[in-house]
Amino acid sequence: YEAVGIASAWGSVLPLRQKDRRAADESEAVRAFVEICPSAGPAPAKSWPRRLASAVTNTYREVLYLFLQRVLFPGQMAMFGTVCNPAGCAVAYRRTYLESLFDTVEPQLGDDLTNSEDIFIGLAMLNEGYRNIQVTDVCARTIEPEVQRLPRQLYLWSSAFLQSAFYFDVLLKSPFKALRRWRLGRDPRNATDPGRKEIVATQSVAYAGMNDAMPPNPFLSIATDISNAVPRAFAAGAEAMRQASGVNRRVIQEPYRQAFGRERTKAYGRPAGWALMTSAVEKIGFPTMLLLMVVFRNWEDLLITVCAETFLVVSALMIVMKNQRLEYLVKGIAVTPVRYTLLAFELVTIARFASDLWLTGNRKWRK
């Protein structure tokens, strides 16, 4: 993953179950450490009500994680070469990009990077034209809150998404600039793009053009180091080929390479903005639609909507979990009441965000 366009890489995430904890405690490395530091021994066993509360959360989150990471995110990776934001508990960032981001936002926001900083950072990287990729062969187990604490955790995640969408509204509105991007790719010689000498068209869906001569940018130090390491004879030959064929040659090829910079996003948007826009519409529109059905007592349509949505989710999960289809059929149906109960708290999140936006003017968003 040396491609300069990659800002972060993250693994698959699943809940930490009791048997995963026991396996870790019984591993040779942990036992050796506990012998040196006895206070780091296993935590006391939970009471059965707390174990039940954790089991409910773990089952719900497992179904949700698998649906996102086996169905939704692979689609985003195939279409755009990125996901909106990595999971903060299992992510490695490119340090240069992260430091530059902090240097940029700290004068305006300080440490108030929304209620969940990993979502803000992920969207900030997309706003610069970088990518957040998922590495599916790496798995991290994370401790989930017990079921009674889920509403609080859900509020942090959902409100952070809305707050980040507010800060990166230009990225959110990318679908409205799709025609401009399409025209840019179809006839690059007629495109107006300050600071660029040439834009090369490509058939890649997520492609937004490559800089032949980019303006100074601290994020590009890695690209500069790579280009300086190329032997002079090879560079001269590559330049001759580029001039002859109109195609830029680079040491590390990137199928989803985009021009960097916030000005580029402002002018043309980003293809990944489609994923952000649809997520925002779903997050606000779906619970609002259910609420209206309840208010107007449209019970038949409400039942049809819930059944159809559950059928689609469970069917998609069964398709990707080939050797465990019956298990996830049961789990997918079992967690449906939990999913729809939490949708009621989504309405509270939307109301609080609207209040911060238009009534109180509160921008002190931080975890």
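Modeller: A residue is called buried when its relative accessible area is under 20%, exposed when it is over 50%, and partly exposed in between, with a 1.4 Å probe and only protein chains counted. Leu 292 is partly exposed because its relative accessible area is 43%. The model is a predicted one, in which local features need pLDDT of at least 70 and side-chain atom pairs count only at pLDDT 80 or more, while totals for chains, interfaces and linings use all residues. Residues are numbered from 1 along each chain as its sequence is written, and side-chain values use heavy atoms, with hydrogens and water left out.

Leu 292 lies in helix α12, which covers residues 273-295; helices here are DSSP runs of H or I with at least four residues, strands are runs of E with at least two, and both are numbered from the N terminus. Together with Leu 291, Val 295 and Phe 296, Leu 292 forms a nonpolar surface patch with about 410 Å² of accessible area, a value that comes from the Shrake-Rupley method with a 1.4 Å probe, where for residues only the protein chains shown count as cover.

As for the setting, the protein has 15 helices and 3 strands, and 42% of its 367 residues count as buried. The protein exposes about 20,700 Å², of which carbon and sulfur atoms supply 61%.

Definitions and conventions
Patch = residues over 30% accessible without salt bridge, like charges linked within 9 Å, V, L, I, M, F, W, Y side chains within 5 Å. Salt bridge = Lys/Arg side-chain N within 4 Å of Asp/Glu carboxyl O.
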